[in-house]
Amino acid sequence: MTSPPEVVRLLDAADFAARKHAAQRRKDAESTPYINHPIGEQWAGSTFSSCGGSGPVDEGDGAFLSLRKAALLHDTVEDTNTTFSEIEEHFGEEVKRIVEEVTDDKLLPKMERKRLQIEHAAHCSQAAKLVKLADKLYNLRDLNRCTPQGFDTVTTGLSWSLLYLVTYPEIQKKIQQEIDEVIGRERKPKLSDRAKISPSQFDPWFEIYEIQQNIKESTTKDTVLNGYYIPRDTCVFVNQWQVNHDPKLWDNPSSFNPERFLAADGSGINRVESEKVLLFGLGKRRCIGENIGRGEIFLFLTILLQKLEFDVGHRERLDTTPQYGLTMKPQKCEDFQIKLR
């Protein structure tokens with residue numbers, strides 16, 4: 001039995017990339033083979049483009065095959081001794097052009113490469129944009145699969161954010177409208193933009209953060225708390241979820257209501273309400289990474305919503321029951337869809 005020509009050409013590109021990246025490893029804890037990344041990226045890119053990505057990339061034409069081959073080969077020139085002429089010789093002008101568009105000049109300083117990425121992003125072809133987006137999406141999947149220490153709460157916060165954005169699409173549209181008005185779509189968001197965004201759009205994500213985690217501490221000496229004796233070196237868990245869902249503190253604590261944190265006139269944050277939320281601990285043991293975590297959530301979420309729309313197709317309701325643990329994670333959703341705005 002012979003394979004379709006398209007499959008043979010795709011396997012040829014995968015083989016080429018595997019040989020070029022043979023000595024390279026990913027920087028995750030498992031040091032996985034680098035080839036896993038372009039293979040996963042081409043799959044993400046093909047899934048992404050067939051789930052509503054706008055533009056002239058159709059599964060039935062040669063452009064779709066060129067997109068998948070370019071995704072497999074996108075790092076070969078940048079990270080190995082491969083040349084563009086070699087790409088063109090083996091895979092044609094169209095694939096070479098896409099790879100050229102997504103390849104950085106490693107001779108330039110890192111910040112200059114980043115600047116050029118931003119400058120060139122608006123003028124890239126649709127195929128190059130899809131390869132870049134697939135690259136970012138696969139990196140996010142990698143972070144979820146093998147999360148670096150200290151990053152788990154950020155990825156969990158983003159997962160909950162996206163889950164609630166597709167559950168309440170009207171909130172997603174309001175945030176995107178605010179991003180378009182304040183930042184636009186031509187440049188990447190910056191941390192300094194946070195002060196320009198209306199509090200009614202992002203600060204209410206306290207509502208999402210409060211669902212996430214429990215805090216683990218250890219006693220340094222024998223102590224008594226509210227009549228309970230706790231020996232030294234006892235592992236103590238602070239149940240944040242219970243504090244943040246206490247009906248004595250909150251009206252309807254289980255309902256999703258970001259506006260509960262806004263001042264009566266909607267112009268700012270109700271400090272009395274927001275300070276009741278236990279997110280990063282209290283006192284001298286308060287998490288030192290709070291400002292970093294808040295900044296990361298703002299940047300990741302703003303960048304995603306600036307460029308993409310998220311939905312779950314025709315599915316009416318999502319399961320928001322958390323997977324219980326130290327960090328309460330959302331259930332996996334197979335119907336999650338992403339498309340370019």
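Leaving aside neighbours within four places in sequence, Leu73 is in contact (heavy atoms within 4.5 Å) with Ala13, Phe16, Ala17, Ile87, Phe91, Val95 and Val99. The model is a predicted one, in which local features need pLDDT of at least 70 and side-chain atom pairs count only at pLDDT 80 or more, while totals for chains, interfaces and linings use all residues. Residues are numbered from 1 along each chain as its sequence is written, and side-chain values use heavy atoms, with hydrogens and water left out.

Buried stands for a relative accessible area under 20%, exposed for over 50%, and partly exposed for values in between, with a 1.4 Å probe and protein chains only.

One of the contacts of Leu73, Phe16, is found in helix α1 (residues 5-20). With a relative accessible area of 2%, Phe16 is buried. Apart from neighbours within four places in sequence, Phe16 is in contact with Leu73, Thr82, Glu86, Ile87, His90 and Phe91. For His90, the separation along the chain is 74 residues, yet the C-alpha atoms of Phe16 and His90 are separated by 9.2 Å.

The protein has 15 helices and 6 strands, taken as DSSP runs numbered from the N terminus, with H or I and at least four residues for helices, and E and at least two for strands. Of its 341 residues, 43% count as buried. Among contacts between residues at least 6 apart in sequence, 68% join residues at least 24 apart.

Which residues of α10 are buried? They are Ile171, Gln172, Ile175, Gln176, Glu178 and Ile179. Seen down the axis of α10, the buried residues fall within an arc of 160°, so they line one face of the helix; the arc is that of the directions from the helix axis to the C-beta atoms. Lys173 and Glu181, on the other side of α10, are exposed. After α10 comes Gly184, whose phi is positive, near 85°. Helix α15, with 18 residues, reaches 26 Å from its first C-alpha to its last, close to the 26 Å expected at 1.5 Å a residue. The buried residues of α15 include Glu290, Arg294, Phe298, Leu301 and Leu305.

The loop between α14 (271-274) and α15 (290-307) holds Cys287. An unreviewed UniProt entry carries the annotation "binding site" for Cys287; UniProt positions are given in the numbering used here, feature names are shortened, and annotations may be inferred rather than shown by experiment. Cys287 is partly exposed, at a relative accessible area of 40%. Cys235 likewise counts as partly exposed, at 44% relative accessibility, whereas Cys124 is buried, with a relative accessible area of 18%. If a disulfide is a pair of cysteine sulfur atoms within 2.5 Å, the count comes to 0 disulfides.

Other loops hold residues worth a look. Asp233 lies between β3 (228-230) and β4 (235-238) and has a positive phi of about 65° although it is not a glycine. Asp233 counts as exposed, at 58% relative accessibility. Asn252, in the loop between α13 (240-244) and α14, is not a glycine either, and its phi is positive, about 45°. A relative accessible area of 59% makes Asn252 exposed. His123, in the loop between α7 (110-121) and α8 (126-145), is exposed at 68% relative accessibility. His123 and Glu101 lie 22 residues apart in sequence, and 9.7 Å apart in space, C-alpha to C-alpha.

Conventions: The expected span of a helix is 1.5 Å times one less than its number of residues.
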